[in-house]
Amino acid sequence: MSDFSMFFAGQSSAEITEEFVVSVRFKDAEGRPVPWKLRSITEEENQECRKAATRKVKGKNGLFTPEIDPNDYMAKLMVSSVIFPDLKNSELQKSYGVLGAESLLRKMLLPGEFAALGEQVQALNGFDRDMNELVDEVKN
(Lines give C-alpha, C1' and ligand atoms only; values in the text may rest on other atoms or scores of the structure.)
Protein backbone atom coordinates (compact mmCIF):
# COMPACT_ATOMS: atom_id res chain seq x y z
CA MET A 1 0.00 0.00 0.00
CA SER A 2 1.30 3.46 -0.91
CA ASP A 3 2.02 6.09 1.68
CA PHE A 4 -0.38 8.98 1.07
CA SER A 5 0.49 10.90 4.22
CA MET A 6 2.38 13.54 2.23
CA PHE A 7 -0.95 14.54 0.66
CA PHE A 8 -2.84 15.01 3.94
CA ALA A 9 -4.07 18.53 4.61
CA GLY A 10 -1.59 19.23 7.38
CA GLN A 11 1.39 18.09 5.32
CA SER A 12 1.17 20.50 2.40
CA SER A 13 2.28 24.05 2.70
CA ALA A 14 -0.82 26.16 2.96
CA GLU A 15 -1.09 29.53 1.36
CA ILE A 16 2.03 31.12 -0.07
CA THR A 17 2.61 34.80 0.66
CA GLU A 18 5.11 37.22 -0.79
CA GLU A 19 5.78 40.92 -1.08
CA PHE A 20 5.90 42.70 -4.42
CA VAL A 21 6.53 46.34 -5.25
CA VAL A 22 3.70 47.12 -7.64
CA SER A 23 4.61 50.77 -8.06
CA VAL A 24 7.38 53.12 -7.03
CA ARG A 25 4.70 55.82 -6.71
CA PHE A 26 3.50 54.56 -3.31
CA LYS A 27 6.19 55.45 -0.77
CA ASP A 28 6.63 55.16 2.98
CA ALA A 29 7.76 57.97 5.32
CA GLU A 30 11.41 57.40 4.33
CA GLY A 31 10.61 57.61 0.62
CA ARG A 32 11.00 53.89 -0.10
CA PRO A 33 8.47 52.09 -2.35
CA VAL A 34 5.90 50.22 -0.28
CA PRO A 35 5.60 46.54 -1.20
CA TRP A 36 2.18 45.01 -1.52
CA LYS A 37 1.53 41.71 0.24
CA LEU A 38 0.15 38.95 -1.99
CA ARG A 39 -1.13 35.46 -1.25
CA SER A 40 -1.92 32.38 -3.26
CA ILE A 41 -5.55 31.35 -3.47
CA THR A 42 -7.21 27.95 -3.57
CA GLU A 43 -8.86 26.47 -6.65
CA GLU A 44 -12.17 26.93 -4.85
CA GLU A 45 -11.51 30.70 -4.63
CA ASN A 46 -10.38 30.67 -8.27
CA GLN A 47 -13.69 29.08 -9.29
CA GLU A 48 -15.55 31.81 -7.41
CA CYS A 49 -13.59 34.46 -9.35
CA ARG A 50 -14.29 32.68 -12.64
CA LYS A 51 -17.97 32.28 -11.84
CA ALA A 52 -18.31 35.95 -10.85
CA ALA A 53 -16.69 36.97 -14.17
CA THR A 54 -18.99 34.72 -16.26
CA ARG A 55 -22.00 36.15 -18.05
CA LYS A 56 -24.63 34.40 -20.15
CA VAL A 57 -24.50 35.63 -23.72
CA LYS A 58 -27.35 35.14 -26.14
CA GLY A 59 -26.15 33.22 -29.17
CA LYS A 60 -27.65 31.58 -32.21
CA ASN A 61 -31.25 30.42 -32.02
CA GLY A 62 -31.70 32.36 -28.78
CA LEU A 63 -29.52 29.96 -26.79
CA PHE A 64 -27.51 31.41 -23.94
CA THR A 65 -23.92 30.31 -23.47
CA PRO A 66 -21.59 31.14 -20.59
CA GLU A 67 -18.76 33.50 -21.47
CA ILE A 68 -15.93 34.59 -19.18
CA ASP A 69 -14.81 38.21 -19.35
CA PRO A 70 -11.01 37.75 -19.11
CA ASN A 71 -10.41 41.30 -17.85
CA ASP A 72 -13.03 40.98 -15.12
CA TYR A 73 -11.70 37.54 -14.15
CA MET A 74 -8.12 38.84 -13.91
CA ALA A 75 -9.18 41.79 -11.74
CA LYS A 76 -11.09 39.46 -9.40
CA LEU A 77 -8.12 37.09 -9.23
CA MET A 78 -5.81 39.99 -8.32
CA VAL A 79 -8.21 41.33 -5.66
CA SER A 80 -8.45 37.85 -4.12
CA SER A 81 -4.65 37.63 -3.95
CA VAL A 82 -3.88 41.10 -2.55
CA ILE A 83 -3.67 41.14 1.25
CA PHE A 84 -2.12 44.60 1.63
CA PRO A 85 -3.26 47.21 0.91
CA ASP A 86 -6.81 46.26 1.84
CA LEU A 87 -8.56 46.91 -1.47
CA LYS A 88 -11.96 46.41 0.15
CA ASN A 89 -11.37 49.29 2.59
CA SER A 90 -14.15 51.83 2.08
CA GLU A 91 -11.93 54.81 3.01
CA LEU A 92 -9.32 53.80 0.42
CA GLN A 93 -12.03 53.36 -2.21
CA LYS A 94 -13.59 56.69 -1.26
CA SER A 95 -10.22 58.45 -1.60
CA TYR A 96 -10.14 57.35 -5.27
CA GLY A 97 -13.85 58.04 -5.78
CA VAL A 98 -14.77 54.44 -6.60
CA LEU A 99 -16.88 51.63 -5.21
CA GLY A 100 -15.51 48.11 -5.31
CA ALA A 101 -12.07 46.57 -5.07
CA GLU A 102 -11.73 45.85 -8.80
CA SER A 103 -12.58 49.46 -9.65
CA LEU A 104 -10.07 50.63 -7.07
CA LEU A 105 -7.26 48.59 -8.63
CA ARG A 106 -8.04 50.00 -12.06
CA LYS A 107 -8.13 53.55 -10.73
CA MET A 108 -5.03 53.48 -8.53
CA LEU A 109 -2.62 51.67 -10.86
CA LEU A 110 -1.11 52.68 -14.17
CA PRO A 111 -1.65 50.18 -17.01
CA GLY A 112 1.89 48.77 -16.74
CA GLU A 113 1.58 48.45 -12.96
CA PHE A 114 -1.77 46.68 -13.36
CA ALA A 115 -0.20 44.26 -15.85
CA ALA A 116 2.85 43.65 -13.61
CA LEU A 117 0.59 42.88 -10.64
CA GLY A 118 -1.44 40.52 -12.82
CA GLU A 119 1.69 38.67 -13.93
CA GLN A 120 2.93 38.36 -10.34
CA VAL A 121 -0.45 37.09 -9.12
CA GLN A 122 -0.57 34.54 -11.94
CA ALA A 123 2.94 33.33 -11.12
CA LEU A 124 2.13 33.10 -7.40
CA ASN A 125 -0.91 30.97 -8.19
CA GLY A 126 0.93 28.61 -10.52
CA PHE A 127 -0.31 29.95 -13.86
CA ASP A 128 3.21 30.76 -15.07
CA ARG A 129 4.40 27.19 -15.62
CA ASP A 130 3.50 24.83 -18.40
CA MET A 131 2.52 21.32 -17.27
CA ASN A 132 5.13 19.84 -19.64
CA GLU A 133 7.84 21.95 -17.97
CA LEU A 134 6.77 20.61 -14.58
CA VAL A 135 6.87 17.01 -15.81
CA ASP A 136 10.34 17.52 -17.28
CA GLU A 137 11.54 19.10 -14.02
CA VAL A 138 10.27 16.15 -11.98
CA LYS A 139 12.00 13.70 -14.35
CA ASN A 140 15.34 15.43 -13.86
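**Entry 1: the model.** I am working from a predicted model. I use residue numbers that start from 1 along the chain.

**Entry 2: the open sheet.** I looked up the strand order first. I found an open sheet of three strands, ordered β1-β2-β5, with antiparallel pairing. Which strands sit at the edges? They are β1 (17–20) and β5 (82–84), and each of them pairs on one side only. From one strand to the next, I read an average twist of 35°.

I then checked how β5 is held to its partner. Two bridges join β5 to β2 (residues 36–39), and the two strands run antiparallel. In one of the pairs I noted, Leu 38 has Val 82 in β5 as its bridge partner.

Entry 3: The peptide bond from Phe 84 to Pro 85 is cis. Its omega is near 5°. Where does Pro 85 lie? I place Pro 85 in the loop between β5 and α3 (90–96).

Entry 4: Next I turned to β3 and β4. Strand β3 covers residues 54–58 and strand β4 covers residues 64–68. They run antiparallel, and five bridges join them. I wrote down two pairs. Arg 55 has Glu 67 in β4 as its bridge partner. Lys 58 is paired with Phe 64 in β4.

The two strands form a hairpin, with five residues between them. Which residue in the turn has a positive phi? It is Asn 61, at about 55°. Asn 61 belongs to the loop between β3 and β4.

**Entry 5: two helices crossing.** I looked up how α2 (residues 70–81) sits against α4 (residues 101–108). Their axes come within 9 Å and cross at roughly 95°. That makes α2 roughly perpendicular to α4, because angles of 65 to 115 degrees count as such.

I listed the residues that meet. From α2 they are Asn 71, Asp 72, Ala 75, Lys 76, Met 78 and Val 79. From α4 they are Ala 101, Glu 102, Leu 105 and Arg 106. How do the residues of this contact divide? I count five nonpolar, one polar and four charged.

**Entry 6: the second largest pocket.** Which element gives the largest share? It is α1, with four residues.

I sorted the lining by kind. Six of its residues are charged, four are nonpolar and one is polar.

**Entry 7: cross-check.** I compared my lists.

How values were computed. This is a predicted model: local features need pLDDT of at least 70, side-chain atom pairs count only at pLDDT 80 or more; totals for chains, interfaces and linings use all residues. Side-chain values use heavy atoms; hydrogens and water are left out. Two strands pair if DSSP finds at least two bridges between them. Axes are lines fitted to C-alpha atoms, for helices over the stretch in contact, and angles run from 0 to 180 degrees between N-to-C directions. Angles under 35 degrees count as roughly parallel, over 145 as roughly antiparallel, 65 to 115 as roughly perpendicular and the rest as oblique. Contact means heavy atoms within 4.5 Å. Ala, Val, Leu, Ile, Met, Phe, Trp, Tyr, Cys and Pro count as nonpolar, Asp, Glu, Lys and Arg as charged, and the others, Gly among them, as polar.
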